[in-house]
Amino acid sequence: MTLPESPRIWVLADPRAGTAAQALGIAERLGEPFRRVDLAWGKLARLPLPFASLAGLTPEARAAFAPPWPELVISAGRRSAPVALWLKQKGARLVHCMRPGFGAARFDLLVIGRHDAPKPAPNILPILGAAHRISPERLAAARAEFAALAALPSPRVALLMGGPPRAEGMDPKVAGAITAKVAGFAGSVLATASRRTGRAAEEAMAAALAGHAHKLFRWGDAPPNPYAGFLAWADQVVVTGDSVSMLSEALATAGPVFIADPGGLGPRHQRLAQSLIEAGQARELAAAPAPFQRAALDESGRIAAEIRRRGLLG
């Protein structure tokens, strides 16, 4: 899509890929050109800045902020909230994902996961999971790009393996046990690891898949990354409960979604899994492979529609 000289939508892209994907996924569903503003944090970003400011940014990142100013800003994460509110002073309307940390009433729309138990307010839109970039269009494109996956035996089960957020990789025994259980009921396994999985856990996955029809994409493997293709061709999805992003992306598919417990989940991730199960969108891995009916979830599309409905884009 060719960008106009001054896109009226800006996306504040946090350096963390999962956080940035929330804002980018919403912008992509609006169907308009937008400007991606990559954020880089300086030392002051470590502080809970309770005011509109660019002070948390590095000097290089601050240099990207210049008129003409946007009509709509989409952001995500606590650190980007002061930056978004600074742009509100320039006349922009604000859509923000996750709790901003302060000034909640000053945002035009706050998108907050139900697992975070947001209090009802006119500007709050509760959603299941988190916004992301796996749209129906992207799944269709990935199904065409990775059409060779159709040759693998059914049922094809996508296995999305995460890892502890603040630790040195997943326990290889846990990764191997989860993988072995999936291999036990899958016709073929479409397995992918994340940057948090770790090499030892990837080796355990590979060992558990030996002798089974599978594709294994390890973190750092040469592109193209088949992640979206795995989702597009999966008859079922198994995802570890430590990744908000992967859990939410799995729900974009139409087949059964099962949540694997890697152990050590904090209260927030436990609440997320419970919210998805209570909504009928997922079940625990112990219930697999028993099928169940669910509709593909498109929360990013719903958010985009709500932005239009509220007139936030004029």
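Which strand and which helix each supply at least two residues of the lining of the second largest pocket? Strand S11 (257-260) and helix H9 (267-278) do, and we'll get there at the end of the tour.

Before you click: this is a predicted model, where local features need pLDDT of at least 70, side-chain atom pairs count only at pLDDT 80 or more, and totals for chains, interfaces and linings use all residues. Residues are numbered from 1 along each chain as its sequence is written, and side-chain values use heavy atoms, leaving out hydrogens and water.

**Stop 1: the sheet.** Helices (H or I, at least four residues) and strands (E, at least two) are DSSP runs, numbered from the N terminus. Strands pair if DSSP finds at least two bridges between them. Here 6 strands form an open sheet with parallel pairing, in the order S2-S1-S3-S4-S5-S6. Select S2 (35-38) and S6 (124-127): these stand at the edges with a single partner strand each, so one side of each has no neighbour in the sheet.

**Stop 2: S1 and S3.** Now pick residues 9-13 and 72-76; 3 bridges join these parallel strands. Look for Ile9, which stands opposite Leu72 in S3.

**Stop 3: the pocket.** A pocket is an open set of points on a 1 Å grid over the protein atoms alone, where a 1.4 Å probe fits, with protein on both sides within 12 Å along at least five of seven lines; lining residues have an atom within 4 Å of a point. Select the lining of the second largest pocket, including Ile259, Asp261, Gln270 and Glu284. H9 gives the most to this lining, with 4 residues.
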